[in-house]
Amino acid sequence: MKARAHIFVSGRVQGVFFRDHAQRWGARLGLTGWVKNLWDGRVELVAEGEQDKIEALIARLKEGPPLAQVEKVDVTWEEYKAEFTNFRITWS
């Protein structure tokens, strides 16, 4: 089933290649969407694709890359929009 998730990751998740890992994980899982750093130290993602693949991404985000310390992952499930063509890092 196609789904969309809006995700916020808190903890030590900036300056540890978190966005790069998240982008690669999402792309490898065949998801589309984006990931970016927020001014408050969190990382924000929007991911679209098969729900089980998004759940696999969320599990990876909870672990984080080796230098990260993930404290919290907030997920809001949304209606699938087929809005993206790839999974990318964004700055806006």
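Eight salt bridges turn up in a search of the whole structure. The model is a predicted one. Start with R4. Its side chain forms a salt bridge with that of E48, with N and O 2.8 Å apart. This pair ties together distant parts of the chain: R4 sits in strand β1, E48 in strand β3, and 44 residues separate them.

How buried are the two partners? R4 has a relative accessible area of 7%, so R4 counts as buried. E48 is buried as well, at 1% relative accessibility. Both values fall below the cut-off for burial, which is under 20%.

R4 has another partner. The side chains of R4 and E78 also meet in a salt bridge, at 3.0 Å from N to O. Here too the link spans distant parts of the chain: R4 is in strand β1, while E78 lies in strand β4, residues 69–78, and the two are 74 residues apart. E78 has a relative accessible area of 31%, so E78 is classed as partly exposed.

Now turn to D40. D40 pairs with R42 in a salt bridge, and their closest N and O atoms are 2.8 Å apart. D40 is partly exposed, with 35% relative accessible area. R42 is partly exposed too, at 26%. Shared partners also build a network: salt bridges join R4, E48, E78 and E83 into one.

Next comes the nonpolar interior. In soluble globular proteins, nonpolar side chains tend to be buried together. Which residues touch the most other members of the largest nonpolar core? They are I7, V9, F18, L45 and L61, out of 21 residues in that core.

Take F18 as a way into the core. What does F18 touch, leaving aside residues up to four places away in sequence? The list is V9, V13, V43, L61, G64, P65, A68 and V70. Two of these, V9 and L61, are themselves among the residues that touch the most other core members.

Then follow F18 to its contacts, including V43 and V70.

Definitions and conventions. Residues numbered from 1 in each chain as written. Predicted model: local features only at pLDDT ≥ 70, side-chain atom pairs only at ≥ 80, totals over all residues. Heavy atoms only, no water. Core = buried A, V, L, I, M, F, W, Y, C linked by side-chain atoms within 4.5 Å. Buried < 20%, exposed > 50% of the residue type's maximum accessible area, 1.4 Å probe, protein only. Contact = heavy atoms within 4.5 Å. Salt bridge = Lys/Arg side-chain N within 4 Å of Asp/Glu carboxyl O. Helix = DSSP H or I, 4+ residues; strand = E, 2+ residues; numbered from the N terminus.
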